[in-house]
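Walk through this structure step by step.

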Amino acid sequence: MNLIIGIPAYNEEAMIKRVLNTLPRKLSGISNLDIVLIDDGSVDKTGTIAKKLGVSVLTHIINRGLGGALKTAFSYAKSKNYDILVTFDADGQHDAKDIPKVILPILNNQADVVIGSRWFGDNNKPFSRYVINRLANIFTYIMYGIWTSDSQSGFRAFNKKAIRQINLITDGMEVSSEIFKEIYRNKLSFTETPINVIYTDYSRKKGQQIQNAPNVLFQLLFRLIK
Amino acid sequence: MPLTLTQIFLIFFLLFALSRVYLRYKGGNVSLVGLIFWSSLFGFAIAIILFPILTIGIANRIGIGRGVDAVIYISIILLFYLVFRLYVYIQDLRQEISKIIEKFALKENEKQDEKKSSEN
């Protein structure tokens, strides 16, 4: 099994070294593990730091947003024929120790897509994040008929079938909901697994903000009527 | 009835717009369908400016009291539609840009891999 960890990153020089150093270089059940960082038009040293650590870097010459970076991650995984793609945030909010847990349902052929959910149990999450996520989950359910406890999670795993079939279009933060649209459209099986979340002032600044919500909502509705 | 200053100004402006559409069509930036659409639209506007009485018939047909109100309502609907088309166009452009950026990133990575393997 070949696995690739794809990390979309935009101006993450303060955190990226720490994040990359925590990632595993070997995993049981995986014969080959690679890491690719999608440097989404950073104006700082994010890409340089990653290259120094021996990580493959795909450089967007201008910023395209989270969706744009994830599209590149999918294309890369497809072109290099990886069996599993794990997406992982660059802001340090995910715990690399959760990766085996997130890929387990794929290794056991139980699901095509696994969502690492931050909302199982209670581990000190900010209320504003809870509200944003809850609203996004309800919206995802209304739009795509899929209930998820964490529609905005950036920690996911996709098997080969999902890598090949998922066709993302949106460029911005709305991609998180679009992934569920693709799960629904391609009739992919999916499951959720609880993950730890490390909320710091830094990661809170970087993630989904309540002020993004109207734009995300508009973008998703626009896709329906276009 | 002699034309008012406003009518003359509007007609000149619309004729200018028509000439721009034609030039863009000649330059290949506007399709034939586009030329027909815009020419009909501006031609219709010129006809209404020259013969405002025409709007009364339209207004009566769609159940709006005054001709000028009918023109304003139709214009607003048209503007909404055009803004929507423009928005679609911009979104398509953004996606095209993303595709180019993605292709470029993948190509550059391939080049670097090739360079590395030739060095080893």
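How many salt bridges does the rule find across the interface of chain B and chain A? The rule finds one. Asp113(B) pairs there with Lys80(A). Their closest N and O atoms are 3.6 Å apart, inside the 4 Å cut-off for a salt bridge. This is a predicted model, and the values here are computed from it.

Four residue pairs are in polar contact across the interface of chain B and chain A, both partners being at pLDDT 80 or more. By class, the side of chain B that touches chain A holds eight nonpolar, five polar and four charged residues.

Now take the extent of this interface. The size of an interface is often given as the accessible area lost when the parts come together. For chain B and chain A, the buried area is about 1800 Å². Carbon and sulfur atoms give 58% of that area. In residues, 17 from chain B are in contact with 22 from chain A.

Next, look at the surface of chain B. A nonpolar patch is found there, formed by Leu3(B), Ile8(B), Phe12(B), Leu50(B), Phe51(B), Ile53(B), Leu54(B) and Ile56(B). Together these residues have about 770 Å² of accessible area. Which elements give two or more residues to the patch? They are α1 (5-26) and α3 (53-61) of chain B. The largest share, three residues, comes from α3(B).

The structure holds nine. One of them joins the side chains of Asp171(A) and Lys71(A), with an N to O distance of 2.8 Å. What does this pair tie together? Asp171(A) lies in the loop between α6 (160-165) and α7 (175-185) of chain A, and Lys71(A) lies in helix α3 (residues 66-79) of chain A, so the pair ties together parts that are 100 residues apart in sequence.

Finally, turn to Asp44(A). Asp44(A) lies in the loop between β2 (32-40) and α2 (46-52) of chain A. Beyond residues up to four places away in sequence, Asp44(A) touches Asn11(A), Glu12(A) and Glu13(A). Two backbone nitrogens are reached by its side chain. The side chain of Asp44(A) comes to 3.3 Å from the backbone nitrogen of Glu12(A). For the backbone nitrogen of Glu13(A), the distance to a polar atom of the Asp44(A) side chain is 3.2 Å. Ala14(A) is 30 residues from Asp44(A) along the chain, and their C-alpha atoms are separated by 9.5 Å.

Note on methods: Residues numbered from 1 in each chain as written. Chains lettered and ligands numbered in written order. Predicted model: local features only at pLDDT ≥ 70, side-chain atom pairs only at ≥ 80, totals over all residues. Heavy atoms only, no water. Contact = heavy atoms within 4.5 Å. Buried area = accessible area lost by both parts, 1.4 Å probe. Polar contact = N/O pair within 3.5 Å; in protein donor to acceptor, adjacent residues only side chain to side chain. Nonpolar A, V, L, I, M, F, W, Y, C, P; charged D, E, K, R; others polar. Patch = residues over 30% accessible without salt bridge, like charges linked within 9 Å, V, L, I, M, F, W, Y side chains within 5 Å. Areas by Shrake-Rupley, 256 points an atom, 1.4 Å probe, with all protein chains shown as cover. Helix = DSSP H or I, 4+ residues; strand = E, 2+ residues; numbered from the N terminus.
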